[in-house]
Amino acid sequence: MARQNTVFKEAYNRYAAALRPDAALPSEPEIAAQLGISRSTARAILTRLNDEGIIRWNKRQKIVLRVPTEEDLFPSEETDSLHDIIERSFMQRILSDDAAPGMQINELELAREIGTGTTSVREFLIRFSRFGLIEKRPNSHWILKGFTREFALELADVREMFELHSATEFGKLPPESEAWAALADIKAEHHAMLNDFDARYKEFSALDERFHLLIHGAAKNRFIADFYDAIAIIFHYHYQWNKAFARQRNERAIHEHLDYIAALESRDQAAIDFSCRLHLRSARQTLLQSLPQNPGEPPEA
């Protein structure tokens, strides 16, 4: 229900913001298709618009009475993008305890669970499938192929190539670039988290994702941005796969981040390269350690 509520709020804001006075609104199925949501969510949007006096809904006739104000919309902190909602639900499903290679993923079931339309779910799965973690089967079904050691190593290799290049470019940004202010904010959040680490260390994965996405933005390379979107999903969620020693692992990573940030702020390319490689090596080890060990396979150092 929580996920459905978030989908509703995000879709409501999108639809309400586009309304114009005296416009006649289309049918519920058309609104659902337009927003990429379920019909029940579309109906809930219309009900709220009618209750707030934004539209007049009389059977099939739906007329916009006024333009919604800022007070009519849900605050931004209560909404996520539809992509983020689908991503989170999908990753939680394949990271569940009973997920295993060969597990089936049904588009309709996933869309119903989230409270969105199957088209949006299918588009996400198609985009994600090119990385080899899932495979399309007939009748709207997908198969989880499994997160193997080979997959993890290939993923880490690509990430390192991208980030080393992006970190170099970040160090070359002019002083007036907005990226430096964003980096300063992230640095402050790292220190704040350290000051209350026992209570907040589980929040680290989200901060980690923000930090690395900021660095990759400096490359201004559409291919890096496109591929890193999927890479970031996996590296963001891998912190949740193995709960053992999570506090120690996250504490080490946050200190590595602060050293990495200091190197970026110095604009010293040698220091940037060193701190970047050191942190990415730790991230590779953490990713590999999160994988279940095959019988007879030695654990990662």
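Asn139 is exposed, with a relative accessible area of 68% (exposed meaning over 50%, buried under 20% and partly exposed in between, with a 1.4 Å probe and protein chains only). The residue belongs to the loop that links strand 4 to strand 5, where helices (H or I, at least four residues) and strands (E, at least two) are DSSP runs numbered from the N terminus. Although Asn139 is not a glycine, its phi is positive, at about 60 degrees. Most residues other than glycine have a negative phi.

The model is predicted, with local features requiring pLDDT of at least 70 and side-chain atom pairs counting only at pLDDT 80 or more, whereas totals for chains, interfaces and linings use all residues. Residues are numbered from 1 along each chain as its sequence is written, and side-chain values use heavy atoms, with hydrogens and water left out.

Strand 4 and strand 5 (residues 141-144) run antiparallel and are joined by 4 bridges, and Arg137 is placed opposite His141 in strand 5.

Arg112 is located in helix 5 and is exposed, with a relative accessible area of 53%. A distance of 9.6 Å separates the C-alpha atoms of Arg112 and Ile37, which are 75 residues apart along the chain.

The largest nonpolar core contains 51 residues, of which Ile45, Leu49 and Phe90 touch the most other members. Such a core is a set of buried Ala, Val, Leu, Ile, Met, Phe, Trp, Tyr and Cys residues joined through side-chain atoms within 4.5 Å. When neighbours within four places in sequence are left aside, Phe90 is in contact with Ile105, Leu110, Phe124, Leu125, Phe128 and Ile134. Another core, of 27 residues, lies apart from it and includes Leu183, Met193, Phe197 and Phe204.

His216, in helix 10 (residues 204-217), is buried, with a relative accessible area of 7%. Beyond its neighbours within four places in sequence, His216 is in contact with Arg159, Phe162, Glu163, Ser166, Ile224 and Tyr228.

A positive phi, of about 65 degrees, also occurs at Arg267, although Arg267 is not a glycine. Arg267 lies in the loop between helix 12 (246-266) and helix 13 and is partly exposed, with a relative accessible area of 34%. Asp268 caps the N-terminal end of helix 13, with a side-chain oxygen 3.0 Å from the backbone nitrogen of Ala270. Helix 13 (residues 269-289) comprises 21 residues and reaches 30 Å from its first C-alpha to its last, close to the expected 30 Å at 1.5 Å a residue; the expected span is 1.5 Å times one less than the number of residues. Among the buried residues of helix 13 are Ile272, Cys276, His279, Arg284 and Leu288.

Definitions and conventions: Two strands pair if DSSP finds at least two bridges between them. Contact means heavy atoms within 4.5 Å. A polar contact is a pair of N or O atoms within 3.5 Å; within protein, one must be able to donate a hydrogen and the other to accept it, and residues adjacent in sequence count only if both atoms are side-chain atoms.
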